Amino acid sequence: MSAGNETGGLDELPRVIPIFPLPGVMLLPRGRLPLNIFEPRYLQMTQDAMASHRMIGMIQPADPTAKLDTPEVYPVGCAGRITSFSETPDNRFLITLSGVCRFAIARELEADGLLYRRVSADYGRFAGDLPEPAPLTVDRGRLIPALRSYFDRHGLTADWDAIDRADDDALVTCLAMACPFEPNEKQALLECSGESERLDMMQALFEMAVHGSSGSQPRMQ
C-alpha cells in the first residue's frame with residue numbers, strides 16, 4: 001500500500017520534471033499510483049522520463065471541468081519515480097509511480113518541440129517528505145466506523161481485512177489517494193503540513209459526507 005523512498009535528499013531531485021495533469025488523481029510521498037499511459041504526449045513523456053531520472057510530477061488541473069490541452073494547474077503537486085514499467089501489445093505503457101516528494105511550481109518551461117509540459121520544481125517547502133515520518137497513530141475506533149459509513153454512502157466496497165492489517169501510515173496515505181474526494185479536497189489533503197493534519201482532515205471529510213454536511217470545505221494552505 002506504500003512505497004519506500006529511494007532518494008537521499010533535495011539536492012538529488014531533478015530541478016526540471018514533466019507534469020501529468022489529471023483531475024481527481026493525487027500522489028502522496030510513499031504512495032503508489034498505477035497509471036495506464038496511452039496518449040501520444042504522455043507516451044513521449046514516459047519514454048523520456050525512463051531515459052533520464054524516471055521522475056514524473058502528478059498534479060491536478062485547477063478547474064477539473066476544463067477541456068483545454070494545457071489547463072491551468074494547481075501550484076503544488078507530487079513527484080513520483082517510475083518503479084514499475086511494462087508495454088502492452090497495443091502500445092500502451094502500464095507504469096507505477098512511487099511518491100517521493102511534493103513540489104511547488106517555480107515556473108513552466110517552453111515546450112521546445114515536446115508534446116508534454118515541464119516545470120521547474122521547487123521542493124524546498126517539502127523537505128520533510130524525504131525522511132521517514134514519525135510513526136502515526138490512528139484512532140481506528142473513530143476512523144473505521146466513519147470509513148464504513150462513507151463507503152456505504154458511495155456504494156464502495158473494501159477489503160476490510162487488508163485495512164485492518166495495514167499499518168497506520170500506509171492506511172492514511174492509501175485512503176487519501178484512493179477515496180473519491182472532490183478535486184479541491186484532494187488538493188487540500190495533498191498540501192497538508194504533515195500526516196497528522198492529513199488524518200484529521202480526512203476524518204472530517206468522512207464525517208461531513210456521512211452527515212450530509214457539504215457546505216463546509218477544507219481550507220487550502
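Predicted model: local features only at pLDDT ≥ 70, side-chain atom pairs only at ≥ 80, totals over all residues.

Biologist: What makes α5 largely enclosed by the rest of the structure?

Modeller: Count its buried residues. Seven of the eight residues of α5 are buried, so the helix is largely enclosed. They are Pro183, Glu185, Lys186, Gln187, Ala188, Leu189 and Leu190. Each has under 20% relative accessible area, because that is the cut-off for buried.

Biologist: Why is α4 called mostly covered?

Modeller: Count again. Helix α4 spans residues 168–178, and nine of its 11 residues are buried. Among them are Asp168, Asp169, Leu171, Val172 and Met177. The buried residues of α4 pack against β2 (32–37), α2 (140–154), α3 (160–165), α5 (183–190) and α6 (195–210).

Biologist: What happens at the start of α4?

Modeller: There, a side-chain oxygen of Asp167 comes to within 3.2 Å of the backbone nitrogen of Asp169. A polar contact needs an N or O pair within 3.5 Å, so this distance falls inside the cut-off.

Biologist: How far is Arg198 from Ala146?

Modeller: Their C-alpha atoms are separated by 15 Å, and the two residues lie 52 residues apart along the chain.

Biologist: What makes Arg54 stand out?

Modeller: Its phi is positive, about 65 degrees, yet Arg54 is not a glycine. Most residues other than glycine have a negative phi. Arg54 lies in the loop between α1 (40–50) and β3 (55–59).

Biologist: What about Asn91?

Modeller: Asn91 also is not a glycine, and its phi is positive, near 70 degrees. Asn91 lies in the loop between β4 and β5.

Biologist: Why do Arg54 and Asn91 count as partly exposed?

Modeller: Partly exposed lies between the buried limit of 20% and the exposed limit of 50%. Arg54 has 29% relative accessibility, so it counts as partly exposed. Asn91 has 49%, so it counts as partly exposed too.

Biologist: Now the whole protein. How do you know that its radius of gyration agrees with a compact globule?

Modeller: Set the value against the rule. For 221 residues, a compact globule would have a radius near 17 Å. The protein has 17 Å, so the two agree. Its C-alpha atoms fill a box of roughly 50 × 40 × 40 Å along the principal axes.

Biologist: How many helices and strands are there?

Modeller: Six helices and six strands. Along the sequence, the pattern is β-β-α-β-β-β-β-α-α-α-α-α.

Biologist: What share of the residues counts as buried?

Modeller: Of the 221 residues, 48% are buried.

Biologist: And what share of contacts joins residues at least 24 apart?

Modeller: Take contacts between residues at least 6 apart in sequence: 70% of them join residues at least 24 apart.

Technical notes
Residues numbered from 1 in each chain as written. Heavy atoms only, no water. Helix = DSSP H or I, 4+ residues; strand = E, 2+ residues; numbered from the N terminus. Rg over C-alpha atoms; globule rule 2.2 N^0.38 Å. Buried < 20%, exposed > 50% of the residue type's maximum accessible area, 1.4 Å probe, protein only. Contact = heavy atoms within 4.5 Å. Polar contact = N/O pair within 3.5 Å; in protein donor to acceptor, adjacent residues only side chain to side chain.
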